[in-house]
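Some notes on this model follow.

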Amino acid sequence: MSQIAYRGGYKFQLVQDYRVQIRVLPDADVHTDYIDLDREGQLVIRKGYAWDGPSGPTIDTRNFMRGSLVHDALYQLMRQEEISKDRWRGEADRILRRMCRADGMNAVRAWWVYLGVRKFGDPSASPENRKKVKRAPRRPRTRT
């Protein structure tokens, strides 16, 4: 019997590439399976990328989706140590707030979103919290 390997915790999947210019400027170009970020701040998130959407006590609204996509991709790069959490986490959180506002979120909600990620988001950007690989089905125990 063969196994599959997968990661859980995702709700949404991108159906086309998304490109955006941001203010996160890594020291070297970053290339992963689904995310590219160059030294000039050009972020490309490729078709098939999966993310969990808005986190915390909130609802998934259209004016939150683009910001959550970019924010989750940047936090993933931090967890994978492709970009510095200490240097770029604050900017990633500000990008989330700016995108939510640009997409029509009212200022009060966008501010609460920002405060939430500033206060509670640090563990989500930490390498210790990389999503674990799971396997199915479980391998049967061998008897000796």
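1. With which side chain does the side chain of E91 make a polar contact? The partner is R98, at 2.5 Å. A polar contact here is a pair of N or O atoms within 3.5 Å; within protein, one must be able to donate a hydrogen and the other to accept it, and residues adjacent in sequence count only if both atoms are side-chain atoms.

2. On the basis of these notes: this is a predicted model, where local features need pLDDT of at least 70 and side-chain atom pairs count only at pLDDT 80 or more, while totals for chains, interfaces and linings use all residues. Residues are numbered from 1 along each chain as its sequence is written, and side-chain values use heavy atoms, with hydrogens and water left out.

3. E91 sits in helix α2 (residues 85-102). Helices (H or I, at least four residues) and strands (E, at least two) are DSSP runs, numbered from the N terminus. E91 is buried, at a relative accessible area of 9%. Buried means under 20% relative accessible area, exposed over 50%, partly exposed in between (1.4 Å probe, protein chains only).

4. Leaving out residues up to four places away in sequence, E91 touches R23, V24 and R98. Contact means heavy atoms within 4.5 Å. V24 is 67 residues from E91 in sequence, yet their C-alpha atoms are 7.0 Å apart.

5. D36 belongs to strand β5 (residues 35-37). Its side chain makes polar contacts with the side chains of H31, at 3.1 Å, and R46, at 2.7 Å. Beyond four places in sequence, the contacts of D36 are V30, H31, Q42, L43, V44 and R46.

6. The largest pocket holds about 640 Å³ of space. Of its 29 lining residues, P54, S55, G56, V117 and S124 are the closest to the centre. Two or more lining residues come from each of β7 (50-51), α1 (62-79) and α3 (107-120). α1 gives the most, with 7 residues. On a 1 Å grid over the protein atoms alone, a pocket is an open set of points where a 1.4 Å probe fits, with protein on both sides within 12 Å along at least five of seven lines; lining residues have an atom within 4 Å of a point. Grid points are joined across faces, edges and corners, and a volume is the space filled by probe spheres set on the points.

7. The second largest pocket has about 440 Å³ of space. It is lined by 14 residues, with R7, Y10, Y34, Q76 and Q80 the closest to its centre.
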